[in-house]
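This report goes through the contacts between the chains and the contacts with the DNA. Please keep the sequence and the structure in view while reading.

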2 protein chains.
Amino acid sequence: MNGMEVVKKEKYYTDNQERMAKLAKALSNPVRVYILDFLANNLDRCCYSGDMVDDLPIARSTLSEHLKELKKAGLIQGEINPPYIKYCINQANWDEAKVLFGSFFNR
Amino acid sequence: MNGMEVVKKEKYYTDNQERMAKLAKALSNPVRVYILDFLANNLDRCCYSGDMVDDLPIARSTLSEHLKELKKAGLIQGEINPPYIKYCINQANWDEAKVLFGSFFNR
DNA sequence: TCTTTGTTTCGTAAATTTACGAAATGAATG
DNA sequence: CATTCATTTCGTAAATTTACGAAACAAAGA
């Protein structure tokens with residue numbers, strides 16, 4: 001096996017449970033909820049990171065890290081449009097999250 | 001004002017945004033999602049902490065801390081029934097969370 | 001080519017989270 | 001009253017998160 005070891009790892013959580021936890025972690029900070037609210041309410045117009053930074057009590061670099069977190073979770077995507085980056089909701093993953101949380105709370 | 005100082009604190013996030021973030025933080029760990037899944041699927045029968053600990057790769061004390069987190073967020077409640085504690089979903093807050101997440105994702 | 005501009009990455013510090021085992025708790029039982 | 005039982009709290013260590021300013025980047029304009 002080319003020097004790789006086979007490790008049997010027991011699975012304790014379902015894929016849905018792990019996906020829920022990851023999405024929830026992305027939503028677990030008010031700055032990130034604010035960002036998602038902002039983007040979801042402004043789907044039609046531009047959503048540059050600079051549009052948000054003036055309304056928030058955090059540094060640009062900190063905002064950038066929060067955007068990175070949301071990108072990592074798949075909830076947003078950035079379309080490069082130099083020197084700006086236009087952020088948008090990632091609709092496919094947003095819908096997936098909607099279904100996941102929907103069926104979690106509604107049973 | 002009895003020695004207390006008045007501090008004007010600017011508010012950057014709506015109450016809903018802060019409540020969302022708090023609820024999401026409670027959901028941001030797979031153990032806690034597992035617990036909620038377990039309780040929500042077993043509303044009719046007993047839900048002692050011991051019922052879950054054998055299925056999870058964590059110590060009893062760690063499970064207890066996760067239960068405390070969920071209680072703090074209001075998503076569960078514990079009915080003492082010595083020497084057991086029967087945990088249940090807190091239906092009112094569960095429904096509030098359902099509405100919050102529902103209107104967040106569905107707009 | 002040197003700035004400017006909007007943004008990200010890096011280095012780092014402080015706070016929070018997660019985890020464990022040991023000790024404590026509180027009610028029932030011998 | 002000492003023991004048992006399920007559970008929580010405490011003390012603590014390791015990992016992760018959040019934040020900042022400085023530096024780096026990449027494209028456009030002077």
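What area is buried between chain A and chain B, and what percentage of it do carbon and sulfur atoms give?

## The interface of the two chains

The structure shown is a predicted model. About 3000 Å² is buried between chain A and chain B, and carbon and sulfur atoms give 71% of this area. An interface is often sized in this way, by the accessible area that is lost when the parts come together. In terms of contacts, 29 residues of chain A meet 29 residues of chain B.

Two salt bridges cross the interface of chain A and chain B. Eight residue pairs are in polar contact across the interface of chain A and chain B, with both residues at pLDDT 80 or more. On the side of chain A that touches chain B, the helices α1 (15-26), α2 (30-41) and α5 (91-105) of chain A each supply at least two residues. The most comes from α2(A), which gives eight residues to that side. By class, the side of chain A that touches chain B has 19 nonpolar, five polar and five charged residues.

A:Asp37 sits in helix α2 of chain A. Which residue forms a salt bridge with A:Asp37? The partner is B:Arg107, and the closest N and O atoms of the pair are 2.7 Å apart. The side chain of A:Asp37 also makes a polar contact with the side chain of B:Gln17, at 2.9 Å.

With neighbours within four places in sequence left aside, the contacts of A:Asp37 are B:Gln17, B:Phe104 and B:Arg107. Is A:Asp37 buried or exposed? A:Asp37 counts as buried because its relative accessibility is 15%, and the cut-off for buried is under 20%.

Helix α1 of chain A holds A:Gln17. Its relative accessibility is 7%, so A:Gln17 counts as buried.

A polar atom of the A:Gln17 side chain lies 3.0 Å from the backbone nitrogen of A:Thr14. Apart from neighbours within four places in sequence, A:Gln17 is in contact with A:Tyr12 and, in chain B, with B:Val33, B:Tyr34 and B:Asp37.

## Contacts with DNA strand C

Around DNA strand C there are 23 residues, and the closest are A:Ser64, A:Tyr87, B:Ala59, B:Thr62 and B:His66. Which part of DNA strand C supplies 71% of its atoms within 4 Å of the protein? These atoms belong to sugar or phosphate, and the rest belong to bases.

A polar side-chain atom of A:Ser64 is 2.9 Å from a phosphate oxygen of DNA strand C, and a polar side-chain atom of B:His66 is 2.4 Å from a phosphate oxygen of DNA strand C. B:Ser61 reaches a base, with a polar side-chain atom 3.2 Å from a base nitrogen of DNA strand C. The elements that give two or more residues to the surface near DNA strand C are α3 (49-53), α4 and β2 (84-89) of chain A, along with α4 of chain B. α4(A) gives the most, with five residues. The surface near DNA strand C is made up of nine nonpolar, eight polar and six charged residues.

Of the atoms of DNA strand D that come within 4 Å of the protein, sugar and phosphate account for 71%.

Which residue of chain A has a side-chain N or O atom 2.4 Å from a phosphate oxygen of DNA strand D? That residue is A:His66. A:Lys25 has a polar side-chain atom 3.0 Å from a phosphate oxygen of DNA strand D, while A:Ala59 uses a backbone N or O atom, 2.8 Å from a phosphate oxygen of DNA strand D. Two or more residues of the surface near DNA strand D come from each of α4 (60-72) of chain A and α3 (49-53), α4 (60-72) and β2 (84-89) of chain B. The largest share, five residues, comes from α4(B). Nine nonpolar, eight polar and six charged residues form the surface near DNA strand D.

Note on methods:
Residues are numbered from 1 along each chain as its sequence is written. Chains are lettered from A and ligands numbered from 1 in the order in which they are written. This is a predicted model: local features need pLDDT of at least 70, side-chain atom pairs count only at pLDDT 80 or more; totals for chains, interfaces and linings use all residues. Side-chain values use heavy atoms; hydrogens and water are left out. A residue is near a molecule or strand if one of its heavy atoms lies within 4 Å of it. A polar contact is a pair of N or O atoms within 3.5 Å; within protein, one must be able to donate a hydrogen and the other to accept it, and residues adjacent in sequence count only if both atoms are side-chain atoms. Helices (H or I, at least four residues) and strands (E, at least two) are DSSP runs, numbered from the N terminus. Ala, Val, Leu, Ile, Met, Phe, Trp, Tyr, Cys and Pro count as nonpolar, Asp, Glu, Lys and Arg as charged, and the others, Gly among them, as polar. Contact means heavy atoms within 4.5 Å. Buried area is the accessible area (1.4 Å probe) that two parts lose on being put together, summed over both. A salt bridge is a side-chain nitrogen of Lys or Arg within 4 Å of a carboxyl oxygen of Asp or Glu. Buried means under 20% relative accessible area, exposed over 50%, partly exposed in between (1.4 Å probe, protein chains only).
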